[in-house]
Amino acid sequence: MIETERLTLRPWRAADLDPLAALCADPEVMRHLDGARSRAAVADWMDGQAALQDERGHCFWALERRSDRRFLGFCGLRMGGAHGELEIGWRLARSMWGQGYAREAAEASLAWGWANTRCDRIEGWTVRANTASWGLMIRLGMIRRPDLDFEHPDFPAGHPLHRIITHAVERRVADA
């Protein structure tokens, strides 16, 4: 669906469940996301992403390496969150960290969003402790927006995942 020099971002397939479940069972990958997920929970999430793709034409897409079709994780865009805005998100297998895949996929997702939606802003959400994610947001040109921070409804006050910080990028005139 979207191809970059090294990557393909595409809709989900049944064969993605096992590698996605393995990725989501890795405590290090999931440490800023409330811990490892069961295979059943991952299957439900994947079905939800496929439904978003069918309904809206975008979701957090499966991410694979073009050279060998290896499943790396996901990256893409979905509507939601506290503001009902377009969110960019990614999650990669730990063995794929530090190779520029997340940035490459995120840049392609942002370009797709500007070309194929009417949104004026794309947001990225994480927690303050997730320095890798918000560092990538900054490298993508996203600006820290404390005015858009919010409290995650699934976590009580004081929980490390309760306070969500937001970075955002606005549509440029050239993207309109």
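Is R69 buried or exposed, or does its relative accessible area place it in between? R69 is partly exposed, with a relative accessible area of 44%; in this scheme buried means under 20%, exposed over 50%, and partly exposed in between, computed with a 1.4 Å probe on protein chains only. The model is predicted, so that local features need pLDDT of at least 70 and side-chain atom pairs count only at pLDDT 80 or more, while totals for chains, interfaces and linings use all residues. Residues are numbered from 1 along each chain as its sequence is written, and side-chain values use heavy atoms, with hydrogens and water left out.

R69 belongs to the loop between β3 (60–65) and β4 (71–80); helices (H or I, at least four residues) and strands (E, at least two) are DSSP runs, numbered from the N terminus. The phi angle of R69 is near 60°, a positive value in a residue other than glycine.

Strand β3 itself contains E64, which is buried at a relative accessible area of 4%. Not counting residues up to four places away in sequence, E64 touches several residues, including R69, R10 and F71, where contact means heavy atoms within 4.5 Å. The side chains of E64 and R10 are also joined by a polar contact of 2.9 Å, that is, a pair of N or O atoms within 3.5 Å; within protein, one must be able to donate a hydrogen and the other to accept it, and residues adjacent in sequence count only if both atoms are side-chain atoms.

A further loop lies between α1 (17–24) and α2 (39–56) and holds D26. D26 counts as buried because its relative accessibility is 15%. D34 lies in the loop between α1 and α2, but is partly exposed at 42%.
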